[in-house]
Amino acid sequence: MGNHSSESSRQVLICQGRTCRKQGAAKVLAAFQHSPVTGITVIGSGCLGQCGNGPMVLITPDQLWYSSVHPKEVPVVVERHLQGGHPVVSMLYPKYHSPGKQS
Ligand code: FES
């Protein structure tokens, strides 16, 4: 507490709009809340405008989107992306992140 290091404040937005909730977004949110990461805020957001591809997850300020996230996949995102700094390329939203063939 005390210092605010704005650079390290990242957020995970999990869409809780109606369509995403039908697709299981509440469980995805719960899964993120279950694995808290220091310096990262988990937020249930309103509709992110990508209905039908949910549950949608947006990592800011990276501006990385994950689509059709399953609660079981959350630990992978937490470990590799939020803790390890390596986005899980296979899960990224193809509309915004065209799958590159580099691996
Ligand atoms: S309800 Fe999630 S993107 Fe619209």
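A crossing of two helices is left-handed if the near helix is turned anticlockwise from the far one by less than a right angle, and right-handed if clockwise. By that rule, the crossing of α2 and α3 in this predicted model is right-handed.

**Figure 1. Overview of the protein chain in the predicted model.** The protein chain holds 3 helices and 4 strands. Read from the N terminus, the elements follow the order β-α-α-β-β-β-α. The chain has 103 residues, and 39% of them count as buried. Among contacts with a separation of 6 or more, 64% come from residues 24 or more positions apart.

**Figure 2. Pairing of β1 with β3.** Strand β1 spans residues 10-15, and strand β3 spans residues 57-60. The two pair in the antiparallel sense, over 4 bridges. Ile14 stands opposite Val57 in β3.

**Figure 3. Packing of α2 against α3.** Two packed helices are described by the angle between their axes and the distance between the axes. For α2 and helix α3 (residues 74-83), the angle is about 45 degrees and the axes are 9 Å apart. That angle makes α2 oblique to α3. The crossing is right-handed.

**Figure 4. Side-by-side residues of the α2 and α3 contact.** From α2 come Val28, Ala31 and Phe32. They meet Val74, Val77, Val78 and Leu82 in α3. Sorted by class, this contact of α2 with α3 has 7 nonpolar residues, no polar ones and no charged ones.

**Figure 5. Ser45 and its contacts.** Ser45 lies in strand β2. Is Ser45 buried or exposed? Its relative accessible area is 13%. Buried means under 20%, so Ser45 is buried. Leaving aside residues up to four places away in sequence, Ser45 touches Leu13, Ile14, Cys15, Gln16 and Gly17. One of these, Ile14, is the residue that stands opposite Val57 in β3.

Definitions and conventions: Residues numbered from 1 in each chain as written. Predicted model: local features only at pLDDT ≥ 70, side-chain atom pairs only at ≥ 80, totals over all residues. Heavy atoms only, no water. Pairing = 2+ DSSP bridges. Axes fitted to C-alpha atoms, helices over the stretch in contact; angles between N-to-C directions. Parallel < 35°, antiparallel > 145°, perpendicular 65-115°, else oblique. Contact = heavy atoms within 4.5 Å. Nonpolar A, V, L, I, M, F, W, Y, C, P; charged D, E, K, R; others polar. Buried < 20%, exposed > 50% of the residue type's maximum accessible area, 1.4 Å probe, protein only.
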